[in-house]
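Please keep the structure in view while going through the numbered points.

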Amino acid sequence: MNDVVQSEPFVMNIGPQHPSTHGVFRVKATVDGERVVDAEMVIGYLHRSMEKLAEERTYTQNIPFTDRTDYLSSMSNNLGYCLAVEKLAGIETPPRGQAIRVIMAELQRLASHCMGAGAFANDTGAWQTPIMWFMREREKILDIFEMTSGARLTCNYMRIGGVAFDLPPGFEERVREFIAPMRQTIADGEGLLSGNEIFLARARDVAVVPHELAINASLSGPMLRGSGVAWDIRKADPYCGYEQYEFDIPIGYRGDAYDRFIVRLEEMRQSLRIVEQALDGLPGGPHSTEVPLALRPPAGEAYARIESPRGELGYYLVSDEGPSPYRFHIRPPSLINLSVLREMTVGGSIADAIVALGSIDIVVGEIDR
Amino acid sequence: MTRWWDGVELARVAERLVPGSVARAEAGACLLRPERAVETLRALRDDAETDFAHLTNLCAVDLWDRFEVVYHVQSLVRNRIACLKVETADRESPAVPSVTEVWQGAWLQESEAYDLFGIRFEGHPNLQRILLWDGYPGHPLRKDFLAMPGGLQPGLNEFAGAAPRPEPPVRPVP
């Protein structure tokens with residue numbers, strides 16, 4: 001056959017404006033026929049230089065920036081940053097503030113995974129039905145965020161030393177009403193997709209990341225767990241009292257796109273468990289400690305990390321006793337999870353490359369910052 | 001709970017594995033000599049006691065007369081994390097060896113540090129700007145790169161360039 005059909009490799013751009021790239025993200029794929037022989041990513045379309053801007057603002061003024069890095073999980077980003085400042089300045093959060101943070105971070109994980117799992121189903125060809133189911137539930141979470149913080153997407157709810165305001169009346173009922181339909185939607189989504197022949201053909205054994213490569217390439221979050229490494233910062237390095245809650249770490253065994261999808265669905269169930277436990281044991285007392293507005297942490301450095309929906313989100317702060325951070329660095333899980341993009345895509349078809357990209361669940365605002 | 005390696009203790013382990021590898025050790029971090037850094041980090045990765053299989057975070061810090069590259073490395077099995085640092089010799093042509101052959105995860109993070117700080121990572125397979133475009137003037141995260149034209153800082157009534165080095169240029173009005 002090869003003697004008859006001759007093909008030459010050529011460069012094809014996937015993105016930057018294409019729904020399958022989930023933002024302004026471009027892959028320069030060299031293809032030979034339908035087969036990808038090389039893939040190079042081009043990023044920076046959304047670069048806003050937040051790290052530079054943050055060096056010129058006070059610690060409190062920087063919290064809204066963190067909303068806008070990973071815009072699908074602003075609560076988690078707020079939390080990671082506030083934890084880093086608290087570590088740097090030695091500030092304690094009251095128990096109620098910690099429990100509220102846990103509830104918000106887990107609701108945010110649910111919202112983000114709704115988007116991630118739904119968009120992944122879209123990429124594999126399960127056109128619009130699963131994503132609409134998940135978006136319906138995500139809408140309820142955004143309503144809960146709106147009643148709590150006043151904003152749906154860029155919540156800006158966490159503060160250094162706690163949260164901005166206490167939970168509104170009726171919060172607990174709203175969350176409890178939401179849990180059962182969410183469970184049902186996860187079951188529906190899994191029932192529709194996990195045994196579906198087309199979905200299996202598209203996702204099973206596609207974009208495989210062996211666990212040695214996953215560790216060596218600094219992957220984190222569902223990417224790492226999908227490859228069979230049971231590493232979750234909530235368990236390994238608990239923050240905000242995660243050690244009090246009972247939950248499991250789901251892992252995959254093959255490290256393919258399908259496993260990552262299933263890991264995300266299972267994580268959503270675990271998040272619901274954590275939310276229920278946190279609501280049951282919600283302590284009283286203040287929601288925040290008093291922190292001076294012009295905070296000047298002692299000179300030094302701090303690295304704090306959380307398990308964001310996409311993986312290990314770290315904030316590295318250096319203080320020179322000034323009112324603004326001397327160095328503000330975000331460890332973006334979306335960017336670092338792209339380290340294996342070439343390994344995942346080369347050798348497969350173009351359609352598989354789209355599935356591989358969807359299974360990483362990137363947010364371009366966080367890649368470019 | 002993840003335990004942090006004490007810098008002095010880690011320096012002892014590094015010295016045992018690769019003699020002459022440590023430049024300075026503090027409580028928070030262990031500073032490696034640039035010329036032995038790759039060898040040392042590989043030894044620390046493969047050693048059973050340290051087992052730093054996962055490079056968590058890599059970033060650079062501007063220290064006015066030099067740059068510092070910070071590595072946060074961890075062992076997933078032992079659940080321990082450590083902070084290691086390498087300093088560049090000067091500010092004019094900063095360079096440190098690349099650790100991409102030790103950890104693949106360093107690839108993108110080193111490219112980012114090259115882009116925003118102008119630190120050359122020697123041995124990096126494809127060192128080029130990733131966030132900004134080729135030909136962009138300067139490296140924005142350097143402290144002498146001023147955020148706005150004229151050196152005026154947004155929101156602050158003070159000229160940044162007015163303060164002499166090594167005083168950081170950005171200070172709000174008291």
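Why does A:Asp205 count as partly exposed?

1. A:Asp205 has 14 C-beta neighbours inside 10 Å, and therefore counts as partly exposed. By the rule used here, a residue is buried if 20 or more other C-beta atoms lie within 10 Å of its own, exposed if 12 or fewer, and partly exposed in between, with C-beta atoms placed from the backbone.

2. The model is predicted, so local features need pLDDT of at least 70 and side-chain atom pairs count only at pLDDT 80 or more, while totals for chains, interfaces and linings use all residues. Residues are numbered from 1 along each chain as its sequence is written, and chains are lettered from A and ligands numbered from 1 in the order in which they are written.

3. A:Asp205 lies in the loop between α7 (197-203) and α8 (211-216) of chain A. Helices (H or I, at least four residues) and strands (E, at least two) are DSSP runs, numbered from the N terminus. Most residues other than glycine have a negative phi. The phi of A:Asp205, however, is positive, near 60 degrees.

4. A:Ala207 belongs to the loop between α7 and α8 of chain A, and its phi is likewise positive, near 55 degrees. Is A:Ala207 buried or exposed? A:Ala207 is buried, because 25 other C-beta atoms lie within 10 Å.

5. Chain A contains 15 helices and eight strands. Its radius of gyration (taken over C-alpha atoms) is 21 Å, close to the 21 Å from the globule rule for 369 residues, so chain A is as compact as a globular protein of that length. The globule rule is 2.2 Å times the number of residues to the power 0.38. The C-alpha atoms of chain A fill a box of roughly 75 × 45 × 35 Å along the principal axes. Of the 369 residues in chain A, 55% are buried.

6. An open sheet in chain A has three strands in the order β6-β7-β8, with antiparallel pairing; two strands pair if DSSP finds at least two bridges between them. The edge strands are β6 and β8 of chain A, each of which pairs on one side only. Five bridges join β7(A) and β8(A) in the antiparallel sense. A:Val318 has A:Arg327 in β8(A) as its bridge partner. Helix α3 (residues 74-89) of chain A packs on the sheet and touches β6 and β7 of chain A.

7. The contact between the chains takes 36 residues from chain A and 32 residues from chain B. Two residues are in contact if their C-beta atoms, placed from the backbone, lie within 7 Å. On the side of chain A that touches chain B, the elements giving two or more residues include α1 (50-54), α8 and β6 (300-308). The largest share of that side, four residues, comes from β7(A).

8. Chain B has three helices and eight strands, and along the sequence they follow the pattern β-α-β-β-α-β-β-β-β-α-β. Of its 174 residues, 43% count as buried. Among contacts in chain B between residues at least 6 apart in sequence, 41% join residues at least 24 apart.

How values were computed:
Axes fitted to C-alpha atoms, helices over the stretch in contact; angles between N-to-C directions.
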